[in-house]
Amino acid sequence: MPEGTTRRRTRKAAAGSAALLCAGVAVLAGCGGDGVSRDTSTASPSPSRTSDWDPRPGSVAAVGDSITRGFDACSVLTDCPEVSWATGSDRGVRSLAVRLLGASKAAERSWNHAVSGARMAQLPEQMALAAEQRPELVTVMIGANDACRNSVRLMTPVADFRASFEASVRRLRAGAPKAQVYVSSVPDLKRLWSTGRVNELGKKIWDLGICRSMLADADNLGPAAVARRDAVQDRVVAYNEVLRDVCAKDRRCRYDGGAVFDYRFTGAQLSQWDWFHPGRDGQARLAEIAYRNVTAQEPPA
């Protein structure tokens, strides 16, 4: 996106109610730094439409894609769920589950159903699996793979994205009607391209097929390449609007207000292998954002 313009558009959309990251060919997410996080939020239930919101849920299930699986976190082209921002056990990351429950309880009361490479069409199945555990909180981070395709033409249509997300919420409610849902925005893929393209090794990995709609021919700044990246970014913005809108219709759902999309990942927070997915430090930042929003008195604006 022209970064200033798209950022303003995303914030404006969020005010009316977000790898890290993604992979195209068959996966999405990663890790590779060392993050230090501080918990600063204590919360009480919000008096708004989320008045039923419990800021201290006793169990956590995660659904989504390779970001939540910690893909490229610990070794190249491999999941590393122990560093997952949502349910991981890594002490440096301090996942949302660990922050909410403590390390010992998180090991017993958190589940990761995310699948690397998953798109929104696969989310209903993951939600059904999550519902079986009757979790008090379900985290959702998905959508990057819907935009990260081999071409712009293959990106998931917005209407299909919406229909699958609505179906996902219905599947969860059928099995776990009182579960809270925390929805993270899709990361700013164009910013990740802009940050990662300074690394020559990372670009060689990109050439293997990661998120070709955004990352192909990374140094090409010609009109066609710029238009292609802008089209991907526009689609990500549209996906985030869907996440916000659908979540707003569910009393026990919180959208992150665009926090993940707005977060400015640096090279230190990206995977040392692909310079696109979040590394350990990036995963820690995601955990920090989620914890702040889950435990906040008011939902993100």
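This is a predicted model: local features need pLDDT of at least 70, side-chain atom pairs count only at pLDDT 80 or more; totals for chains, interfaces and linings use all residues.

**Aromatic pairs**

A search of the whole structure finds 3 aromatic pairs.

- F161 and Y239 form a stacked pair, with a centre-to-centre distance of 4.1 Å and 10 degrees between the ring planes. This pair links distant parts of the chain, since F161 belongs to helix α7 (residues 158–175) and Y239 to helix α11, the two residues being 78 residues apart. F161 and Y239 are both buried.
- The rings of Y263 and F265 have centres 4.8 Å apart and planes at 70 degrees, so this pair counts as edge-to-face, the term for planes over 60 degrees apart.

- The model contains an open sheet of 5 strands, arranged in the order β2-β1-β3-β4-β5 and paired in the parallel sense. Its edge strands are β2 (110–112) and β5 (253–255), each of which pairs on one side only. From one strand to the next, the twist averages 15 degrees.
- Strands of a sheet pair through backbone hydrogen bonds, and the pairing may be parallel or antiparallel.
- Strand β1 (residues 60–64) is joined to strand β3 (residues 137–141) by 5 bridges, and the two strands run parallel. Within β3, the residue standing opposite A61 is V138.
- β1 also pairs with β2, again in the parallel sense, over 3 bridges. Here the bridge partner of V60 is S110 in β2.
- How many of the residues of β1 are buried? The count is 5 of the 5, so β1 is largely enclosed by the rest of the structure.
- In a regular strand the side chains alternate between the two faces of the sheet.
- Both faces of β1 are covered, with V60, A62 and G64 on one side and A61 and V63 on the other, all of them buried.

**Helices and their packing**

- Helix α5 (residues 123–132) is mostly covered, as 7 of its 10 residues are buried. The buried residues of α5 are L123, P124, Q126, M127, A128, A130 and A131, and they pack against β1, β3 and α7.
- Helix α11 (residues 223–248) lies across β4 (180–183) and β5, and its direction makes an angle of about 150 degrees with β5.
- Helix α8 (residues 189–196) packs with α11 at an angle of about 135 degrees, the two axes being 8 Å apart. The helices α8 and α11 are therefore classed as oblique to each other.
- Which residues meet where α8 and α11 are in contact? On the α8 side they are L189, K190 and W193, and on the α11 side they are R229, D230, V232, Q233 and V236. By residue class, the contact of α8 with α11 divides into 4 nonpolar, 1 polar and 3 charged.

**Backbone angles with positive phi**

- R134, which follows α5, has a positive phi near 50 degrees.
- D217 is a residue other than glycine whose phi is positive, near 50 degrees. D217 lies in the loop between α10 (212–215) and α11.
- W275, another residue other than glycine, has a positive phi near 50 degrees, and its place is in the loop between α12 (259–262) and α13 (280–295). Is W275 buried or exposed? Its relative accessible area is 18%, so W275 is buried, given that buried means under 20%.

Definitions and conventions: Residues are numbered from 1 along each chain as its sequence is written. Side-chain values use heavy atoms; hydrogens and water are left out. Two strands pair if DSSP finds at least two bridges between them. Helices (H or I, at least four residues) and strands (E, at least two) are DSSP runs, numbered from the N terminus. Axes are lines fitted to C-alpha atoms, for helices over the stretch in contact, and angles run from 0 to 180 degrees between N-to-C directions. Contact means heavy atoms within 4.5 Å. Angles under 35 degrees count as roughly parallel, over 145 as roughly antiparallel, 65 to 115 as roughly perpendicular and the rest as oblique. Ala, Val, Leu, Ile, Met, Phe, Trp, Tyr, Cys and Pro count as nonpolar, Asp, Glu, Lys and Arg as charged, and the others, Gly among them, as polar. Rings of Phe, Tyr and Trp (its six-membered ring) pair if their centres lie within 6.5 Å; planes under 30 degrees apart count as stacked, over 60 as edge-to-face and the rest as tilted. Buried means under 20% relative accessible area, exposed over 50%, partly exposed in between (1.4 Å probe, protein chains only).
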